[in-house]
Amino acid sequence: MTAVPQITLNNGRSIPQLGFGVFQIEPKDTAEAVSTALKAGYRHIDTAEMYGNEREVGEAVAKSGLDRADIFVTSKLSNDAHLPEDARLAFELSLQELGFDYLDLFLIHWPLPTRYDGDFVSTWKALEEFYRDGRARSIGVSNFQPHHLRRLHEETEVPPAVNQIEVHPYLTQDEVRGFCAEHGIAVEAWSPIGQGLELEDPTIVSIAQRAGKTPAQVILRWHIQRGDIVFPKSVTPSRVKENFDIFDFELADGDVAEISALNKDQRTGPDPDKFGG
Ligand code: NAD
């Protein structure tokens, strides 16, 4: 089976660079989708309290016959639970739903500048507790802009291990990625294939034809070569396998640059500086 590269986080722990995302997978379909992914070789699952399918992720992990230690599982704090006492309860509930005694990675899902008086610092301090007591092996953030990260840097102790942000060829996020690289924060690219919208882009299609791979594989490979962590989502078994089969070819530097040049700062999701959950 193909070896997925591991990325070493700023706390020394490693994360598989390719995983499987379960956003918008109905709870009734989640255990089967995750089982398909684990059988295909994925060892990293990205879920969230707000996806409503943690229980089914946990079921698939338990049924897989694999050691818990061999699967990297991430979840994220609900936007409704930023107050530290709520965050503590929500984290415990996440563990309970998943049936785990630890999470590999737990994230603040959104910075929410218009809620909680813009305070995500006390929320982060609650995550630091989970990190220190070992129930979260790593902690991180999602959808944080450089000014949010700077504030954590100034006011808290444990630096985020990752920042999970929207990245795809039409939204290359040079500024946030640059900041993260400078500060040792790994970037996780959500909606890596732009929720499917970029698969017909003529540049991507032509590079895919030359490489003898599919457009989805080319875009995922572009992320891997840029060093980001990805977890595409699909409930179609053939696509789940296709998205995993990206380690037997390499894009030339020119192809990587050509894909990066497609950037038009086009989001598919909300703007983190405005989103209120
Ligand atoms: P994605 O870019 O992974 O695209 C998923 C869509 O593309 C699916 O609906 C599927 O129909 C299609 N697709 C997948 N593989 C394909 C293939 N090989 N060929 C053709 N079509 C294919 O989008 P996503 O699900 O939004 O993002 C992936 C993961 O990122 C999520 O599941 C979730 O874990 C995470 N995420 C995080 C946030 C956040 O705020 N932190 C937000 C959105 C997503």
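**A friendly note on the predicted model**

1. Let us begin with strand E9. This strand, residues 186–190, is mostly covered, with 5 of its 5 residues buried. The model is a predicted one, and the points below describe what can be read from its atoms. In a regular strand the side chains alternate between the two faces of the sheet. In E9, Ala186, Glu188 and Trp190 point one way while Val187 and Ala189 point the other way, and all are buried.

2. What does E9 pair with? Strand E8 runs parallel to E9, and 5 bridges join E8 to E9.

3. E6 pairs with strand E5 (residues 72–77) in the parallel sense, over 4 bridges. Within this pairing, Lys76 stands opposite Leu107 in E6.

4. Thr123 lies in helix H4, and its relative accessibility is 0%, so Thr123 counts as buried. Leaving aside residues up to four places away in sequence, Thr123 touches Leu77, His82 and Ile108.

5. Now move on to Ala136, in the loop between H4 and strand E7 (139–142). Is Ala136 buried or exposed? Ala136 is buried, because its relative accessible area is 1% and buried means under 20%. Not counting residues up to four places away in sequence, Ala136 touches Phe91, Leu103, Phe106, Phe130 and Tyr131. For a sense of scale, the C-alpha atoms of Ala136 and Gly269 are separated by 27 Å, and these two residues are 133 residues apart along the chain.

6. Next come the charged pairs. Side chains of opposite charge can pair when their charged atoms come close. How many salt bridges does a search of the whole structure find? The search finds 15 salt bridges. One of them joins Arg132 and Glu157, with the closest N and O atoms 2.8 Å apart. This pair links distant parts of the chain, 25 residues apart: Arg132 is in helix H4 (residues 121–132), and Glu157 is in the loop between helix H5 (146–155) and strand E8 (162–166). Both Arg132 and Glu157 are exposed.

7. A second salt bridge is formed by Arg210 and Asp255, where the closest N and O atoms are 3.2 Å apart. Here too the pair links distant parts of the chain, with Arg210 in helix H7 (residues 202–211) and Asp255 in helix H10 (residues 253–260), 45 residues apart.

8. Lys274 and Asp271 form another salt bridge, with their closest N and O atoms 3.8 Å apart. Lys274 is exposed, with a relative accessible area of 63%, and Asp271 is partly exposed, with a relative accessible area of 26%. Elsewhere, salt bridges that share partners join Glu92, Asp133 and Arg135 into one network.

9. Then there is the empty space to look at. Rolling a probe the size of a water molecule over the atoms shows where empty space is left. The largest pocket has a volume of about 820 Å³. Its lining is made up of 36 residues, and Phe23, Gln24, Ser191, Gln195 and Lys233 lie nearest its centre. By class, the lining of this pocket divides into 16 nonpolar, 15 polar and 5 charged residues. Helix H8 (215–226) and helix H9 (237–244) each supply at least two residues of that lining, and the largest share, 3 residues, comes from H9.

10. Finally, the cavities. The count comes to 1 cavity of 30 Å³ or more, and about 50 Å³ of space lies in the largest cavity. Among the residues lining this cavity are Asn143, Phe144, Ile165, Glu166, Trp190 and Arg267. Trp190 brings us back to E9, where Trp190 is buried and points the way of Ala186 and Glu188.

Terms used
Residues numbered from 1 in each chain as written. Predicted model: local features only at pLDDT ≥ 70, side-chain atom pairs only at ≥ 80, totals over all residues. Heavy atoms only, no water. 1 Å grid on protein atoms, 1.4 Å probe; cavity = no way out; pocket = protein on both sides within 12 Å on 5 of 7 lines; lining within 4 Å. Points joined across faces, edges and corners; volume = space filled by probe spheres on them. Nonpolar A, V, L, I, M, F, W, Y, C, P; charged D, E, K, R; others polar. Salt bridge = Lys/Arg side-chain N within 4 Å of Asp/Glu carboxyl O. Buried < 20%, exposed > 50% of the residue type's maximum accessible area, 1.4 Å probe, protein only. Contact = heavy atoms within 4.5 Å. Pairing = 2+ DSSP bridges.
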